[in-house]
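Subject: Structure for your review

Dear colleague,

Please find the structure below, followed by an account of what was found in it. I would be grateful if you read the two side by side.

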Amino acid sequence: MDDLDRNLITLLRHDCRRPVSDLAALLKVSRATVRARLDRLERDGEIIGYTVVLRADSQPAAVRAITLIAVEGRRAGDVIDALKGFAEITSVHTTVGAWDIVAELSAGSLPELDDLLRRVRLVPGVTTSETHLLLSTPRSARARL
């Protein structure tokens, strides 16, 4: 999966009903390229349903973490909207206390997690964050696909 695939998935996570022509315009590629990418992602099992459910969401990731995020002023809505577009962020929660947002992250490796955290910190409105690696999950109510 390359950057074009990740950007396509991000757009689909925001609106999986967006027309292929709109996706192509936003990604600055042809409609045929978008259609071919979608077909391959479906055929390879990366996209296993709509609203977009990724194989990565149905299998435990090699590295999982919880990131606590502080937000500047009244930018929480903007930050949450930005975080929803990250394929590696499995859930976003608002909270009270010292932190404004809690995000659950998944990555294939520590370097991938490091890159994800760098991208999260670059989101406009994020002032600081603190990350905790998850070692095991003795209990979860999340449905398995």
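Ser91 stands opposite Glu104 in strand E3 (101–107). Strand E2 (89–94) pairs with E3 in the antiparallel sense over 5 bridges; two strands pair if DSSP finds at least two bridges between them. E2 and E3 form a hairpin with 6 residues between them, and Gly97 in the turn has a positive phi of about 110 degrees. Helices (H or I, at least four residues) and strands (E, at least two) are DSSP runs, numbered from the N terminus.

Please note that this is a predicted model, in which local features need pLDDT of at least 70 and side-chain atom pairs count only at pLDDT 80 or more, while totals for chains, interfaces and linings use all residues. Residues are numbered from 1 along each chain as its sequence is written, and side-chain values use heavy atoms, with hydrogens and water left out.

The largest nonpolar core has 19 residues, and Ile69, Leu83, Leu105 and Leu113 have the most contacts inside it. Such a core is a set of buried Ala, Val, Leu, Ile, Met, Phe, Trp, Tyr and Cys residues joined through side-chain atoms within 4.5 Å. Buried means under 20% relative accessible area, exposed over 50%, and partly exposed in between (1.4 Å probe, protein chains only). Strand E1 (63–71), helix H5 (76–84), E3 and helix H6 (110–121) each supply at least two residues of this core.

In H5, Val79, Ile80 and Leu83 are buried. They lie on the same side of H5 because they cover an arc of only 100 degrees around the axis, taken from the directions from the helix axis to the C-beta atoms. The buried residues of H5 pack against E1, E2, E3, H6 and strand E4 (126–134).

A search of the whole structure finds 11 salt bridges, each a side-chain nitrogen of Lys or Arg within 4 Å of a carboxyl oxygen of Asp or Glu. Arg40 forms one with Asp5, the closest N and O atoms being 2.7 Å apart. This pair links distant parts of the chain, with Arg40 in helix H3 (residues 31–43) and Asp5 in helix H1, 35 residues apart. Arg40 is partly exposed at 26% relative accessible area, whereas Asp5 is buried at 2%.

Asp115 and Arg118 also form a salt bridge, with closest N and O atoms 2.6 Å apart. Both residues lie in H6, 3 residues apart, about one turn of the helix. Elsewhere, salt bridges that share partners join Asp2, Asp5, Arg37 and Arg40 into one network.

Yours sincerely

How values were computed: Contact = heavy atoms within 4.5 Å.
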